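Thanks for coming, everyone. Let me put the model up, and then we'll walk through it piece by piece.

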Amino acid sequence: MENLEHSLRETAAYRIANEIADEDVELCRKIGEHGLKIIQNIAATKSEGETVNILTHCNAGWLATVDWGTALAPIYLAHNGGIKVHVWVDETRPRNQGGLTAFELGSHGVPHTLIADNTGGHLMQHGKVDLCIVGTDRTTARGDICNKVGTYLKALAAKANQLSFYVALPSPTLDFTVWNGVKEIPIEQRSDEEQSHVYGITPEGTRGWVNTAPQGTSCGNYAFDVTPAEFITGLITERGICDASEE
């Protein structure tokens, strides 16, 4: 009897997990469809053969969600549809999630360039970015978004250079219990070692940590930051695109 109950619980758990995964796939696919329209509109302003350059931050693709991702879903659909796109991929130190994004884009055949986190503003100044799309871990009732640290600076640079800054998110990311993201969302601080060391592969093919900071240096490893709603052009959801506002 105990084995039967265990088997039934296991079957039920797999069924529910599959339902959740399928729901996530559909949410992200719809986000991709709505975000695709933004990229199509920009492509329509380009001369024949010109590329749409998109900047993103952190990893918001199929490694983070299922099959499509959020911020990358519109990019995949644009590429699949024959639009020439190129993605500037922020490395997103110190966890280097940009490497994950580069792996995804490379696997899908999407042209991309991995850049240092502080390069985005320079590229915007020189007309090398047409659009910013990022994901979010948490979105407040008034439209603030909490994403990997460095997102806020990209939004500021986009605003200064009159560029659109969109955030792609499924509706479960909305937290209507939080209003002011800057004041109310606690920011995780991770270990000093992540900041002071780089994890990578040596020329010999082995993996290991390399210390890049002076011995005994104290590190401030803030994992996230909050981008206020006024710096966000719009939220791309599975239901469509809306303003980053309470309404």
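Look at the surface first. L63, L100 and F103 form a nonpolar patch there, with about 290 Å² of accessible area together. A patch here takes residues with over 30% relative accessible area and no salt bridge; nonpolar side chains (Val, Leu, Ile, Met, Phe, Trp, Tyr) are joined within 5 Å, like charges within 9 Å. The areas come from the Shrake-Rupley method with a 1.4 Å probe, and for residues only the protein chains shown count as cover.

Before I go on, the ground rules: this is a predicted model, where local features need pLDDT of at least 70, side-chain atom pairs count only at pLDDT 80 or more, and totals for chains, interfaces and linings use all residues. Residues are numbered from 1 along each chain as its sequence is written, and side-chain values use heavy atoms, with hydrogens and water left out.

Back to L63. L63 sits in the loop between β1 and α2. Helices (H or I, at least four residues) and strands (E, at least two) are DSSP runs, numbered from the N terminus. L63 is partly exposed, at 43% relative accessible area. On that scale, buried means under 20%, exposed over 50%, and partly exposed in between, with a 1.4 Å probe and protein chains only.

C58 is buried, with a relative accessible area of 9%. Its phi is near 70°, a positive value in a residue other than glycine. D67 lies in the loop between β1 and α2 as well. Phi of D67 is also positive, near 70°, and D67 is not a glycine either.

Now the helix that follows. How many of the eight residues of α2 are buried? Six, so α2 is largely enclosed by the rest of the structure. Those six are A73, P74, I75, Y76, L77 and A78. Their cover includes α1 (2-44), β1, β2 and α3. Contact, throughout, means heavy atoms within 4.5 Å. After α2 comes G82, with a positive phi near 95°.

One more backbone point. R93 and P94 are joined by a cis peptide bond, with omega about 0°. P94 is in the loop between β2 (85-90) and α3 (97-108).

On to the sheet. Four strands form an open sheet with mixed pairing, in the order β8-β5-β6-β11. The edge strands are β8 and β11 (224-227), each pairing on one side only. Two strands pair if DSSP finds at least two bridges between them. Strand β6 (residues 145-148) and β11 run antiparallel, joined by four bridges. One example: C146 has V226 in β11 as its bridge partner. Helix α5 (residues 151-160) lies across β6 and β11, at about 35° to β11. For that angle, axes are lines fitted to C-alpha atoms, for helices over the stretch in contact, and angles run from 0 to 180 degrees between N-to-C directions.

Next, T173. T173 is in the loop between β7 (165-168) and β8 (174-175). Is T173 buried or exposed? It is buried, at 12% relative accessible area. Leaving out residues up to four places away in sequence, T173 touches T136, D137, R138 and T139.

Last topic: charges. The structure holds ten salt bridges. A salt bridge is a side-chain nitrogen of Lys or Arg within 4 Å of a carboxyl oxygen of Asp or Glu. Take D90 and K154, whose side chains meet at 3.4 Å, N to O. D90 lies in strand β2 and K154 in helix α5, so the pair ties together parts that are 64 residues apart in sequence. Both D90 and K154 are buried.

Then there is R190. Its side chain meets that of E188 in a salt bridge, at 3.0 Å, N to O. R190 is partly exposed, at 31% relative accessible area. E188 is partly exposed too, at 36%. R190 also forms a salt bridge with E194, the closest N and O atoms being 2.7 Å apart. E194 counts as buried, at 9% relative accessibility. Through shared partners, salt bridges join R95, E188, R190 and E194 into one network.

That's my tour. Questions, please.
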